[in-house]
Amino acid sequence: MSSCSTCASKSGCSKDIKCDFIKPKYGRIRHVVGVISGKGGVGKSSVTGILAVQLRKLGYRVGVLDGDMTGPSIPRFFGINEERTGYAPTDVKDVFKFIPVETSLGIKTISMNFMIEEEEPLLWRGPVLGNALTQLFQDTDWGNLDYLLIDMPPGTGDIALTIMQQFPVDYLVVVSTPQDMVSMIVKKVVNMAEKLEVPIKGVVQNMSYIRCGSCGEKMNVFSRNTAESQAEKMGLPLLAELPIDPDFASYLEEGMAERYAATNKDYDILMEAFRNDENEIAKRVAEAKKKSIPFLDS
Ligand SMILES: Nc1ncnc2c1ncn2[C@@H]1O[C@H](COP(=O)(O)OP(=O)(O)OP(=O)(O)O)[C@@H](O)[C@H]1O
């Protein structure tokens, strides 16, 4: 462990904590929330984007780190996939920081896809991807944020391990669809988080049902199991259940998902997940301090 006097993060650091976790060098982030899924394609990036918009609507300063390094979707969600990351000098000669791309609502985003051609694959091994992600987190000029959401890659691979072990994650939000096969794999994520002592706030069951256009009846799509029963199987609180929404899919394709997520009342339910955060985080910080677990904000 390096000494405090030479640490690049010393200006934003509480002195009474250990520094096991990496911290952003250029800014202060109050809460770091990881959004994770067991399998790909269940709507994790979509839920990350919707959550970011909902938090922003409540007036929070929000950032999104696209941690799905090899399959980044965040630029598309916000319709900013043509944008490119800027660089700015720091106090140290020849050292530069990343300038995040801001969405229409002022959400600060960073993604590998702001640095490469959209369809170019990242043919990097796990440790290199992990280091690159760490650099995106540490070297971005986030300013002051209330929430940084990390869109994590699906599953329990290298990057998820890096984030859970080294990033100061307050808690995870799991995104799933109510199917046995998916729930079984989510259980692996749940067990991983448990082993690494990262709390899970609960599960968002996405694409859980479709509403009949004529009678309004809610129909389960993937299985007869309810979102509640699947959440119970995973041992997680159900934070929200979202429908399959063809309008959402169309808006996303047109790069207008941010506006749709900001105006569609269906998504207000997601904020239940964050409503008690302030109290809960204060409690956790107190507990963590007793155990000397570091937090970004104390
Ligand atoms: N509730 C929904 N209604 C309709 N379409 C949805 C919904 N949620 C997600 N989708 C669509 O499903 C596709 C996959 O969504 P998304 O990229 O968010 O999944 P993901 O879990 O992040 O995938 P991956 O981890 O593989 O990147 C997208 O095209 C998106 O438009």
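This is a predicted model: local features need pLDDT of at least 70, side-chain atom pairs count only at pLDDT 80 or more; totals for chains, interfaces and linings use all residues.
Helices (H or I, at least four residues) and strands (E, at least two) are DSSP runs, numbered from the N terminus. Residues are numbered from 1 along each chain as its sequence is written.

Is Gly40 buried or exposed? A residue is called buried if 20 or more other C-beta atoms lie within 10 Å of its own, exposed if 12 or fewer, and partly exposed in between, with C-beta atoms placed from the backbone. Gly40 counts as exposed because it has 12 C-beta neighbours inside 10 Å. Val42 is also found in the loop between S1 and H1, but Val42 is buried, because 23 other C-beta atoms lie within 10 Å. Two residues are in contact if their C-beta atoms, placed from the backbone, lie within 7 Å. Leaving aside neighbours within four places in sequence, the contacts of Val42 are Ser37, Val175, Ser176, Thr177, Val182 and Asn206.

The unreviewed entry places the feature "binding site" at Gly38, Lys39, Gly40, Gly41, Val42, Gly43, Lys44 and Ser45. UniProt positions are given in the numbering used here, feature names are shortened, and annotations may be inferred rather than shown by experiment.

Which residues are closest to the ligand in the model? They are Gly40, Gly43, Lys44, Ser45 and Ser46, out of 20 residues that surround the ligand. A residue belongs to this shell if its C-beta atom, placed from the backbone, lies within 6 Å of the molecule. Helix H1 (44-57), S9 and helix H7 (246-253) each supply at least two residues of the shell. By type, the shell divides into 8 nonpolar, 9 polar and 3 charged residues. Here Ala, Val, Leu, Ile, Met, Phe, Trp, Tyr, Cys and Pro count as nonpolar, Asp, Glu, Lys and Arg as charged, and the others, Gly among them, as polar.

Now turn to strand S1 (residues 26-37). Because 9 of its 12 residues are buried, S1 is largely enclosed by the rest of the structure. Two strands pair if DSSP finds at least two bridges between them. S1 pairs in the parallel sense with strand S7 (residues 141-151) over 9 bridges, and Val32 stands opposite Leu148 in S7. S1 also pairs with S8 in the parallel sense, over 5 bridges, and here Val33 has Tyr171 as its bridge partner.

S9 is joined to S11 by 4 bridges, and the two run parallel; Val203 has Leu238 in S11 as its bridge partner. With strand S10 (residues 218-220), S9 pairs in the antiparallel sense over 3 bridges. One of the residue pairs here is Ile210 with Met219 in S10. S9 and S10 form a hairpin with 6 residues between them, and Gly216 in the turn has a positive phi of about 80°.

Thr177 lies in the loop between strand S8 (171-176) and H5, and is buried because 26 other C-beta atoms lie within 10 Å. Not counting residues up to four places away in sequence, Thr177 touches Val42, Val182, Gln205, Asn206, Met207, Ser208 and Phe222. The C-alpha atoms of Thr177 and Tyr209 are 9.5 Å apart, although 32 residues separate the two along the chain.

Finally, look at two helices. In helix H4 (residues 158-166), Ile159, Ala160, Thr162, Ile163 and Met164 are buried, and what covers them includes S1, helix H3 (126-138), S7 and H5. In helix H6 (residues 227-234), the buried residues are Ala227, Gln230, Ala231 and Met234. Seen down the axis of H6, these residues fall within an arc of 100°, so they line one face of the helix. The arc is that of the directions from the helix axis to the C-beta atoms. The buried residues of H6 pack against helix H5 (180-195), strand S9 (200-211) and strand S11 (238-243). After H6 comes Gly235, whose phi is positive, near 75°.
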